[in-house]
Amino acid sequence: MKLRNVLIVVKDIQKSVDFYKELFGLDVICDNDGNVIMTEGLVLQEQTIWEKFLKKEVIPYNNASELYFEESNIEAFAEKLENYHEPIQYVNPLMLHSWGQKVIRFYDPDGNLIEVGTPMN
């Protein structure tokens, strides 16, 4: 068995596609009208479809999971975040952990938690 994708729920598919494309360089592989598969295994699901399917309310900013990305040039990425055309809500600015890894944490437009860190290898 293999884990193939990670799905996150979003209110505005196009806004989220643009966010992940502009900041992370992800591309759309497949657009199924409210369900978009992007490169690197990220799937965006429209909130109204998800809530109808589950018959449960989506709780944004629940801090129950995190998307983790690695970036060698994290200072350039932090600058890219600062210059993004929409305000970014940070959990923590660029910081250095005691073990030597630099990380930055923030939310996507729908309250999904993201961490970007320098590679640990």
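Biologist: Which residue in β8 is the bridge partner of Val 103?
Modeller: Gly 117. Helices and strands here are DSSP runs numbered from the N terminus (helices are H or I with at least four residues, strands are E with at least two).

Biologist: Is this a predicted model or something else?
Modeller: It is a predicted model: local features need pLDDT of at least 70, and side-chain atom pairs count only at pLDDT 80 or more, while totals for chains, interfaces and linings use all residues. Residues are numbered from 1 along each chain as its sequence is written, and side-chain values use heavy atoms, with hydrogens and water left out.

Biologist: How many residues sit between them in the hairpin?
Modeller: The hairpin of β7 and β8 has 5 residues between the strands. Gly 111 is in that turn, with a positive phi of about 85°.

Biologist: And how do β6 and β7 run?
Modeller: β6 and β7 are antiparallel, joined by 5 bridges. The hairpin of β6 and β7 has 5 residues between its strands. There, Gly 100 takes a positive phi near 100°.

Biologist: What is the strand order in that sheet?
Modeller: β5-β8-β7-β6. That makes 4 strands in an open sheet with mixed pairing. β5 and β6 (89–96) are the edge strands, each pairing on one side only. From one strand to the next, the twist averages 15°.

Biologist: Why is β7 largely enclosed?
Modeller: 5 of its 6 residues are buried, so the rest of the structure largely encloses β7. Buried means under 20% relative accessible area, exposed means over 50%, and partly exposed is in between (1.4 Å probe, protein chains only).

Biologist: New topic, helices. Which strands of this sheet does α1 lie across?
Modeller: Helix α1 (residues 13–24) lies across β5, β7 and β8. Its direction is at about 10° to β8. Helix α3 (residues 74–82) also packs on the sheet, touching β6, β7 and β8, and makes about 25° with β7. For these angles, axes are lines fitted to C-alpha atoms (for helices, over the stretch in contact), and values run from 0 to 180 degrees between N-to-C directions.

Biologist: At what angle do α1 and α3 pack?
Modeller: About 145°, with the axes 10 Å apart.

Biologist: Which residues meet there?
Modeller: α1 brings Glu 22, Leu 23 and Phe 24. α3 brings Phe 77, Lys 80 and Leu 81. Contact means heavy atoms within 4.5 Å.

Biologist: What about the other open sheet, what order does it have?
Modeller: The order is β1-β4-β3-β2. Here too, 4 strands form an open sheet and the pairing is mixed.

Biologist: Which helix lies across β1, β2, β3 and β4?
Modeller: α1 does, running at about 160° to β4 (42–46). α2 lies across β1 and β4, at about 80° to β4.

Biologist: How many bridges pair β2 with β3?
Modeller: 3, in the antiparallel sense, with β3 covering residues 35–38. Among the bridge partners, Val 28 goes with Met 38 in β3.

Biologist: Let's stay on Val 28. Which strand is it in?
Modeller: Val 28 belongs to β2. At 40% relative accessibility, Val 28 counts as partly exposed.

Biologist: Leaving aside neighbours within four places in sequence, which residues is Val 28 in contact with?
Modeller: Val 17, Val 36, Ile 37 and Met 38.

Biologist: How many Å apart in space are Val 28 and Leu 3?
Modeller: 19 Å, C-alpha to C-alpha. In sequence, Val 28 and Leu 3 are 25 residues apart.

Note on methods: Pairing = 2+ DSSP bridges.
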